[in-house]
Amino acid sequence: MVFSMTGFGHSARHFGGYRVQIEIKSVNHRYCETVIRLPREWTCYEDVLKRIVQHRLGRGRIDIFINKEKEEDALNTPHINWSAAHSYVQAASALRERFGFTDTLTLNQLMQMPDVLVAREDSTLANEEVEEHLVAGLQEALNGLCEMRAREGHHLAEDTGSRLTTLEAIHQELVLLAPTVVSEYRTKLRQRLADLQDATFKFDEHKFGMELALFAERCNIDEELTRLKSHFGQCRTLLQMHEPIGRKLDFLIQEMNREVNTIGSKANHLALVNRVVDMKAELEKIREQVANME
């Protein structure tokens, strides 16, 4: 099965008084690069989450966004920071004794001091529980991402297969045209020599045959056509594999381009050149699709 490198996944979970949303998106990349953005207090789980992603995805630039928001029933629940309150009371007492102040620190003033009343943070979840929730949420988001990459990959494979069929049809035309190049050249050369014949030189059949042999050797494309046919078969085999194939297909496209360019440089025939141009256009379209495959 072919997978695209483009996809998106999302999950939402509720734990520890928070609603935690995980979004994951992936785009094209030569390697597997994972970037995770999450709350600072959860950075200790980054390596665990990265390993999970890299275990499931072979290639792509993967961006993961983890956000947490307080649940409504957990909002505005102040928590007394007893340590800070005790420090303020002790400091007020020390200042009163040292400088002889008569003022006293009131309850209202104490409650307005920084860090005395803080938002309640849920501390009932152990690190293992937080990690368990994050891993489960990430797996759910990854499932959505992989489903989207699979759907997109299916379309890429279908389009690539269709274009391979077009290339194979053009290849067959080249196979049929190749033998006619020499015969047409023989006819044109003989006609040209006949037109130039004015009894000042004698037609040499041996030299004529040598010229044809040299021309046939220069424009022979049998090897290139054989290698192209092999490459087509390898591409179809890769499209049926259940593993990342993007790099292998990219290499095969480069090899096919090289063979087609060689055919174009050898071809001394208008119809052949036109078919080479068509083949290069199809290969470029396949290359663009392959660039999106995992």
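Author: One definition first: exposed means over 50% relative accessible area, buried means under 20%, and partly exposed is in between. Bear in mind that this is a predicted model.

Reader: Fine. Which residues of α1 are exposed?
Author: Asp-47, Arg-51 and His-55 are exposed.

Reader: And which residues in α1 are buried?
Author: Val-48, Leu-49, Ile-52 and Val-53 are buried in this helix, which covers residues 46-56. Those four span an arc of only 135 degrees around the axis, so they sit on the same side of α1. The exposed Asp-47, Arg-51 and His-55 are on the other side.

Reader: Switching to the largest nonpolar core. How many residues, and which touch the most other members?
Author: The core has 32 residues. Leu-239, Leu-249, Met-279 and Met-293 touch the most other members. At least two residues each come from α4 (127-196), α6 (222-239), α7 (246-266) and α8 (270-290).

Reader: Which helix gives the most to this core?
Author: α4 does, with eight residues.

Reader: What is Leu-249 in contact with, leaving aside neighbours within four places in sequence?
Author: Cys-235, Leu-238, Leu-239, Val-290 and Met-293. There is also another core, which lies apart and has 24 residues. Val-48, Leu-49, Leu-57 and Leu-134 are among them.

Reader: Now His-171. Buried or exposed?
Author: Buried, because its relative accessible area is 7%, under the 20% cut-off. His-171 is in helix α4. Not counting residues up to four places away in sequence, His-171 touches Leu-225, Leu-228, Lys-229, Phe-232 and Met-279.

Reader: And Leu-252: where is that one?
Author: In helix α7. Leu-252 is buried, at 5% relative accessible area.

Reader: What does Leu-252 touch, not counting residues up to four places away in sequence?
Author: His-231, Gln-234, Cys-235 and Leu-238. Take His-231: 21 residues separate it from Leu-252 along the chain, yet their C-alpha atoms are 6.5 Å apart.

Reader: Surface next. Which residues make the nonpolar patch?
Author: Ile-80, Trp-82, Leu-107, Met-111 and Leu-117 make a patch of about 540 Å². Trp-82 belongs to helix α2, residues 82-99. Trp-82 counts as exposed because its relative accessibility is 64%.

Reader: On to charges. How many salt bridges?
Author: The count comes to 21.

Reader: What does Lys-68 form a salt bridge with?
Author: Glu-41, with the closest N and O atoms 2.3 Å apart. Lys-68 is in strand β4 (60-70) and Glu-41 is in the loop between β3 (32-37) and α1, so the pair ties together parts 27 residues apart in sequence. Lys-68 is partly exposed at 23% relative accessibility, and Glu-41 is partly exposed at 45%.

Reader: Which salt bridges does Arg-258 form?
Author: One is with Glu-255, where the closest N and O atoms are 3.0 Å apart. Both residues lie in helix α7, three residues apart, about one turn of the helix. Arg-258 also forms a salt bridge with Glu-259, at 3.5 Å from N to O.

Reader: Is Glu-259 buried or exposed?
Author: Buried, at 1% relative accessible area. Glu-255 is buried too, at 18%, while Arg-258 is partly exposed at 45%.

Reader: Which residues are linked in the network of salt bridges?
Author: Glu-223, Glu-224, Arg-227, Glu-255, Arg-258, Glu-259 and Lys-266.

Methods
Residues numbered from 1 in each chain as written. Predicted model: local features only at pLDDT ≥ 70, side-chain atom pairs only at ≥ 80, totals over all residues. Heavy atoms only, no water. Core = buried A, V, L, I, M, F, W, Y, C linked by side-chain atoms within 4.5 Å. Buried < 20%, exposed > 50% of the residue type's maximum accessible area, 1.4 Å probe, protein only. Contact = heavy atoms within 4.5 Å. Arc of directions from axis to C-beta. Patch = residues over 30% accessible without salt bridge, like charges linked within 9 Å, V, L, I, M, F, W, Y side chains within 5 Å. Areas by Shrake-Rupley, 256 points an atom, 1.4 Å probe, with all protein chains shown as cover. Salt bridge = Lys/Arg side-chain N within 4 Å of Asp/Glu carboxyl O.
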